[in-house]
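This report describes a few local features of one protein chain.

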Amino acid sequence: MSRTRYNSPRREQAAAATRQAILDAARELFATQGYSRTTVGQIAEVAQVAANTVYVSVGGKAQLLAAIMDYGSGDPAAAEALAAVARSTRPAEVIRLTAKGVRIVYERHAQGVAILIDSAKVDPAAAEIYQEAVARFRAGLDQCAARLEQLGALGSTKEGRASDVFWYLFGFMSWRTLTTDLGWSWDEAEQWLAQRAIDALLTRSRRTQ
């Protein structure tokens, strides 16, 4: 019994390391040669494991893609940003905290998001994962919009419309367009998008609060 307890942590660590190696290999290959052209066998070769190990540890290509996205959605920075938003009593600060939190998470996981966006165009399973990722992302933005409503900062703007504005400005495509397509720095993109949200949602008297 003691031997089992002694070896169990080692087995768990080995399994976790294997899973991470598989996810790293999948992310690299999805990014460099595309989701549709990547095979489980290729992922196994890069991860230096058997193909069956990929299936047992994570699953097929769709499960690998979902696991890559789960890693991003579980980033502690997201929860930290939402907690800061919930504490803030200043509308403009709520928006800037939202922009900062989204920027941190997106910047860390931009490669995974790019893989998902591109994969969703060619694979139905990837498209479903993309919709799930969008739903989780928007749920967080909804909390930020709800905080503005609690503070009475939206005026005649409905909370649902504020959520739409947040998604339009802070969603996947806005960051990708500014930082990847146009070459803006992450700082420039964060500050510009935050100001656009402040201008769109807050009355002039609230924009400096």
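A residue counts as exposed when its relative accessible area is over 50%, and as buried when that value is under 20%. The model discussed here is predicted.

Gln48 has a relative accessibility of 73%, so it counts as exposed. Gln48 lies in the loop that joins α2 (40–47) to α3 (51–57). The phi angle of Gln48 is positive, near 60 degrees, although the residue is not a glycine. A positive phi, near 80 degrees, also occurs at Gly183, which follows α10.

Helix α9 contains 12 residues. From its first C-alpha to its last, α9 reaches 16 Å, close to the 16 Å expected at 1.5 Å a residue. Ala162, Ser163, Val165, Phe166, Leu169 and Phe170 are the buried residues of α9. They cover an arc of only 160 degrees around the axis and therefore sit on the same side of α9. Arg161 and Tyr168, on the other side of α9, are exposed.

Helix α10 spans residues 172–181, and its buried residues include Phe172, Trp175 and Leu178. Ser174, Arg176 and Thr179 of α10 are buried as well.

| Helix | Elements at its buried residues |
|---|---|
| α9 | covered by elements including α6, α8, α10 and α11 |
| α10 | packed against α6 (91–108), α7 (110–120), α8 (124–150), α9 (159–170) and α11 (186–201) |

Notes:
Residues are numbered from 1 along each chain as its sequence is written. This is a predicted model: local features need pLDDT of at least 70, side-chain atom pairs count only at pLDDT 80 or more; totals for chains, interfaces and linings use all residues. Side-chain values use heavy atoms; hydrogens and water are left out. Helices (H or I, at least four residues) and strands (E, at least two) are DSSP runs, numbered from the N terminus. Buried means under 20% relative accessible area, exposed over 50%, partly exposed in between (1.4 Å probe, protein chains only). Contact means heavy atoms within 4.5 Å. The expected span of a helix is 1.5 Å times one less than its number of residues. The arc is that of the directions from the helix axis to the C-beta atoms.
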